[in-house]
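Here are some notes to go with the model. Please read them with the structure open.

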Amino acid sequence: MQIMKVLDRTYLHTEHLQIIDVKVYLGDIFMLDYINGLYRLDIWHNSDVIITGRYIKDGFTKFAVYSDDLENEVLIALANSHAVY
């Protein structure tokens, strides 16, 4: 067994990390951090993990990802205890 990559707060360039949820969707990894927002990650063929997107906003506790792939775009819904964005 081989460890491919450790995703910790130093790799994500943040002082604090509080992961709430993780989803794999259409080959990408989406990771919701309560403090720093949503990260979009991709694993390349050589096992490198690359941050391909980030939405910086704190306080979200849930998220959903969807794509109809007609326009090559991904829709993301973020929610907290008060509203859905």
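1. A charge counts as sitting over a ring if NZ of Lys or CZ of Arg is within 6 Å of the ring centre and within 35 degrees of the ring normal. By that criterion the charged end of K23 sits over the ring of F63, at 4.6 Å from its centre.

2. On the source: this is a predicted model, in which local features need pLDDT of at least 70 and side-chain atom pairs count only at pLDDT 80 or more, while totals for chains, interfaces and linings use all residues. Residues are numbered from 1 along each chain as its sequence is written, and side-chain values use heavy atoms, with hydrogens and water left out.

3. The sheet. Strands here are DSSP runs of E, at least two residues long, and helices are runs of H or I of at least four, numbered from the N terminus. Two strands pair if DSSP finds at least two bridges between them. Four strands form an open sheet in the order β1-β2-β3-β4, with antiparallel pairing. Its edge strands are β1 (19–25) and β4, each of which pairs on one side only. Direction ignored, neighbouring strands of this sheet are turned by 20 degrees against each other on average; the axes are lines fitted to C-alpha atoms, for helices over the stretch in contact, and angles run from 0 to 180 degrees between N-to-C directions.

4. β2 and β3. Six bridges pair strand β2 (residues 28–33) with strand β3 (residues 37–43) in the antiparallel sense. The hairpin that joins β2 to β3 passes through three residues. I29 stands opposite L41 in β3, and L32 has L38 in β3 as its bridge partner.

5. β3 and β4. These strands run antiparallel and are joined by six bridges. I43 has V49 in β4 as its bridge partner. The hairpin of β3 and β4 has five residues between the strands, and S47 in this hairpin takes a positive phi near 75 degrees.

6. The cores. A nonpolar core is a set of buried Ala, Val, Leu, Ile, Met, Phe, Trp, Tyr and Cys residues joined through side-chain atoms within 4.5 Å. Buried means under 20% relative accessible area, exposed over 50%, and partly exposed in between (1.4 Å probe, protein chains only). The largest core has seven residues: F30, L32, L38, F60, F63, V65 and L78. The elements giving two or more residues to this core are β2 and β5. Another core, of six residues, lies apart from it and includes I29, M31, Y39 and V49.

7. L38. Neighbours within four places in sequence aside, L38 is in contact (heavy atoms within 4.5 Å) with F30, M31, L32, G53, R54, Y55, F63 and I76.

8. The aromatic pair. Rings of Phe, Tyr and Trp (its six-membered ring) pair if their centres lie within 6.5 Å; planes under 30 degrees apart count as stacked, over 60 as edge-to-face and the rest as tilted. A search of the whole structure finds one such pair. F60 and Y85 form it, edge-to-face, at 5.5 Å centre to centre with 75 degrees between the planes. F60 is in the loop between β4 (49–55) and β5 (62–66), and Y85 is in the segment after β6 (75–79), 25 residues apart. F60 is buried at 4% relative accessible area, whereas Y85 is exposed at 56%.
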